[in-house]
Amino acid sequence: DLDEYAPADDYPPVPTVGYLSRMCPNRGLETLVDAFILLKRNSRLVSAKLRICGGKSGADEPFLERLAAKLAAAGVRGDVEFLEAFDRSSRCEFLKSLSVLSVPEPQPVAYGLYVLEALAMGVPVVEPAIGSFPETIALTGGGMLYEPNTAQKLAETIEPLLLDPQAARRLGAEGRAGMLKAFSIERTAAEMIRIYEQVSRKS
């Protein structure tokens, strides 16, 4: 229901990258952390932030501690937040704070709700060109694909959106318009009825 998602009134005051998924080793979080460390080497991105939101279990703690140590060693730990609130209202507030969202999944996924939620909030996404991501971005706009799925290539793809917040804002607006056209609950219901009618006529 896209009425429940209201984009921020303006882009964030500082360039901010976000991650919205479980904080575990197999969702690409370390790739994003490595990309952020590379981005922070750009003198124009010294104020950039990384915000990480999602659930976790006790088994994920050693992984997160290792990431925190990596960030500290790179001198950027103070620019990274790990957030545990994961309910819908918290996710919407989190998304409002972002310039761009990326969950660099290492394996193809059939469905990425975080991409749809980001686009519904007018936040552009950067995703690897695998799984459902190319199809979703083709349907909605509002995103950029990259390959190969490396931290270097991810950083190169995110960087222009952080350096040009107006361009990022336009891309996010395109994504929200695409969501209204392709993924609203009204459009989904109408499409389901159309398909059911086709099937019923054939039977």
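This is a predicted model: local features need pLDDT of at least 70, side-chain atom pairs count only at pLDDT 80 or more; totals for chains, interfaces and linings use all residues.
**Exercise 1.** Classify the orientation of helix 1 and helix 6 to each other, and describe their contact.

Solution. 
- Two packed helices are described by the angle between their axes and the distance between the axes.
- Helix 1 spans residues 29-39 and helix 6 spans residues 151-163; they pack at about 60°, with axes 8 Å apart.
- Roughly parallel requires an angle under 35 degrees, and roughly perpendicular requires 65 to 115. Helix 1 and helix 6 are therefore oblique to each other.
- The crossing of helix 1 with helix 6 is right-handed.
- On the helix 1 side, the contact is made by T31, L32, D34, A35, L38 and L39; on the helix 6 side, by A151, Q152, L154, A155, I158, E159 and L162.
- By class, the residues of this contact are nine nonpolar, two polar and two charged.

**Exercise 2.** Classify the orientation of helix 4 and helix 7 in the same way, and list the residues that meet.

Solution. 
- The axes of helix 4 (residues 113-120) and helix 7 (residues 165-182) cross at roughly 110° and come within 7 Å.
- The range for roughly perpendicular is 65 to 115 degrees, so helix 4 and helix 7 are roughly perpendicular to each other.
- L116, L119 and A120 of helix 4 meet G172, G175, R176 and M179 of helix 7.
- The residues of this contact comprise four nonpolar, two polar and one charged.

**Exercise 3.** Is R51 buried or exposed, and which side chain does the side chain of R51 join in a polar contact?

Solution. 
- R51 is in strand 2, residues 49-53.
- Its relative accessibility is 17%, and buried means under 20%, so R51 counts as buried.
- Beyond residues up to four places away in sequence, R51 touches T16, V17, G18, Y19, E81, L83, F94, S97 and L98.
- With E81, the side chain of R51 forms a polar contact of 2.8 Å.

**Exercise 4.** Determine where R27 lies, how accessible R27 is, and which side chains R27 contacts through polar atoms.

Solution. 
- R27 lies in the loop between strand 1 (16-20) and helix 1.
- The relative accessible area of R27 is 23%, so R27 is partly exposed.
- Leaving aside neighbours within four places in sequence, the contacts of R27 include Y19, R22, V103, P104 and Y114.
- A polar contact of 2.6 Å links the side chains of R27 and E105, and another, of 3.4 Å, links those of R27 and S21.

**Exercise 5.** Locate P148 and state the geometry of the peptide bond from E147 to P148.

Solution. 
- P148 is in the loop between strand 6 (143-146) and helix 6.
- The bond from E147 to P148 has omega near 0° and is cis.

Notes:
Residues are numbered from 1 along each chain as its sequence is written. Side-chain values use heavy atoms; hydrogens and water are left out. Axes are lines fitted to C-alpha atoms, for helices over the stretch in contact, and angles run from 0 to 180 degrees between N-to-C directions. Helices (H or I, at least four residues) and strands (E, at least two) are DSSP runs, numbered from the N terminus. Angles under 35 degrees count as roughly parallel, over 145 as roughly antiparallel, 65 to 115 as roughly perpendicular and the rest as oblique. A crossing is left-handed if the near helix is turned anticlockwise from the far one by less than a right angle, and right-handed if clockwise. Contact means heavy atoms within 4.5 Å. Ala, Val, Leu, Ile, Met, Phe, Trp, Tyr, Cys and Pro count as nonpolar, Asp, Glu, Lys and Arg as charged, and the others, Gly among them, as polar. Buried means under 20% relative accessible area, exposed over 50%, partly exposed in between (1.4 Å probe, protein chains only). A polar contact is a pair of N or O atoms within 3.5 Å; within protein, one must be able to donate a hydrogen and the other to accept it, and residues adjacent in sequence count only if both atoms are side-chain atoms.
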